[in-house]
Amino acid sequence: QVQLVESGGGLVQAGGSLRLSCAASGSIFSINAMGWYRQAPGKQRELVAAIISGGRTNYADSVKGRFTISRDNAKNTVYLQMNSLKPEDTAVYYCHAELRTPLNTRSADYWGQGTQVTVSS
């Protein structure tokens, strides 16, 4: 059983910062990629940032220069440092991991429960 546990969401004023963390635990053989998605009310879930094994990163255009994703491989943990937050960043942020368990030869997608980020103007 694999779990992704997120922390770090909350309420912040525009221009402020938050740091999200997501730890993957359980029976994990390897992790191909970890990342963050978000979903605002009435909108589709969208990719915010992702980091793949080897360290290559990918960001949504709307967060480039403001958000930084990083990963601690030893802890199976991914972080999202969010600076210069804007009201339009308000959403539920979901952690995502593409990983393999020891019993499977193929990778699968796993999701966290989501953490609310609210940016007030």
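User: What share of the 121 residues of the protein counts as buried?

Analyst: Buried means under 20% relative accessible area, exposed over 50%, and partly exposed in between, with a 1.4 Å probe and protein chains only. Here 39% of the 121 residues count as buried. The model is predicted: local features need pLDDT of at least 70 and side-chain atom pairs count only at pLDDT 80 or more, while totals for chains, interfaces and linings use all residues. Residues are numbered from 1 along each chain as its sequence is written, and side-chain values use heavy atoms, with hydrogens and water left out.

User: How many helices and strands does the protein have?

Analyst: Helices (H or I, at least four residues) and strands (E, at least two) are DSSP runs, numbered from the N terminus. This protein has 0 helices and 11 strands.

User: In what order do the strands of the open sheet lie?

Analyst: Two strands pair if DSSP finds at least two bridges between them. The open sheet of 4 strands runs β1-β3-β8-β7, with antiparallel pairing. Its edge strands, β1 (2-7) and β7 (67-72), each pair on one side only. Within the sheet, β3 (residues 18-26) and β8 (residues 77-82) are joined in the antiparallel sense over 6 bridges. Ser21 stands opposite Tyr79 in β8.

User: Which residues form a disulfide, and how far apart are their sulfur atoms?

Analyst: A disulfide is a pair of cysteine sulfur atoms within 2.5 Å. The structure holds 1 disulfide: Cys22 and Cys95 form it, with their sulfur atoms 2.0 Å apart. The link is left-handed, with -85° about the S-S bond. Because Cys22 lies in β3 and Cys95 in β9 (residues 91-100), the pair ties together parts that are 73 residues apart in sequence. Both Cys22 and Cys95 are buried.

User: Why does the radius of gyration of the protein agree with that of a compact globule?

Analyst: The radius of gyration is taken over C-alpha atoms, and the globule rule is 2.2 Å times the number of residues to the power 0.38. For 121 residues a compact globule would have a radius near 14 Å, and the protein has 14 Å, so the two agree. Along the principal axes, the C-alpha atoms fill a box of roughly 50 × 25 × 25 Å.

User: Which percentage of contacts between residues at least 6 apart in sequence joins residues at least 24 apart?

Analyst: Contact means heavy atoms within 4.5 Å. Among contacts between residues at least 6 apart in sequence, 56% join residues at least 24 apart.
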